[in-house]
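Hi,

Here is the structure I promised to pass on.

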Amino acid sequence: MTIAEVSKKYDISADTLRYYERIGLIPPVPRTKGGVRNYDEASCGWVELMKCMRAAGVQIEALIEYVALFQRGDETIDARKALLIEQRDQLLSRMDDMRRSLDRLNDKIDRYEQGLMTKERQLARFRDDQAARQVK
């Protein structure tokens, strides 16, 4: 696949894809004889993985380290697993923080809705009282 096709498929700019390759966030992409990037299935897999990890908030430095370890071969399996476990733990912690924030926001919203409901009930009672007075 060309860089334009990969860019469209993963909704990542071509500049970002070049940057990811340049800094080692994805391994070097195979090239045609003319030097044009030719993303194969493995390259696309790396792009997809990095997009997912970045969306999860995994730091670029950790991902670069992961790619470097991967490129060194099977001798780094334990180190790669440890890095992934560390990143998972950090993500779980952020998710806990976000859950607490979401709960707090929901509580605040509920309070506003309850307050508005109270005001609406007061207004309805006032209208009912006004209508009853007019009937007398």
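Before the rest, some housekeeping. This is a predicted model, with local features needing pLDDT of at least 70 and side-chain atom pairs counted only at pLDDT 80 or more, while totals for chains, interfaces and linings use all residues. Numbering starts from 1 along each chain as its sequence is written, and side-chain values use heavy atoms, with hydrogens and water left out.

The axes of α3 and α4 come within 10 Å and cross at roughly 150 degrees; axes are lines fitted to C-alpha atoms, for helices over the stretch in contact, and angles run from 0 to 180 degrees between N-to-C directions. That makes the two roughly antiparallel (under 35 degrees is roughly parallel, over 145 roughly antiparallel, 65 to 115 roughly perpendicular and the rest oblique). On the α3 side, Trp46, Leu49, Met50, Met53 and Arg54 meet Ile60, Leu63, Tyr66, Val67 and Phe70 of α4, where contact means heavy atoms within 4.5 Å. By class, that contact has nine nonpolar, no polar and one charged residues (Ala, Val, Leu, Ile, Met, Phe, Trp, Tyr, Cys and Pro count as nonpolar, Asp, Glu, Lys and Arg as charged, and the others, Gly among them, as polar).

The other pair to look at is α1 and α2. They pack at an angle of about 105 degrees, with axes 9 Å apart, so they are roughly perpendicular to each other. Ile3, Val6 and Ser7 in α1 meet Ala14, Leu17 and Arg18 in α2. The class count for this contact is four nonpolar, one polar and one charged residues. In the loop between these two helices sits Asp11, with a positive phi near 55 degrees although the residue is not glycine. Most residues other than glycine have a negative phi. Asp11 counts as exposed because its relative accessibility is 68% (buried is under 20% relative accessible area, exposed over 50%, partly exposed in between, with a 1.4 Å probe and protein chains only).

Leaving out residues up to four places away in sequence, Leu17 touches Ile3, Val6, Ser7, Ile12, Ile26, Tyr39 and Val47.

Glu21, in α2, counts as buried because its relative accessibility is 14%; beyond four places in sequence, Glu21 touches Ile26, Pro27, Pro28, Val29, Arg31 and Arg37. Ser43, in α3, is buried at 8%, and contacts Val29 and Pro30 once neighbours within four places are set aside.

Cheers

Technical notes:
Helices (H or I, at least four residues) and strands (E, at least two) are DSSP runs, numbered from the N terminus.
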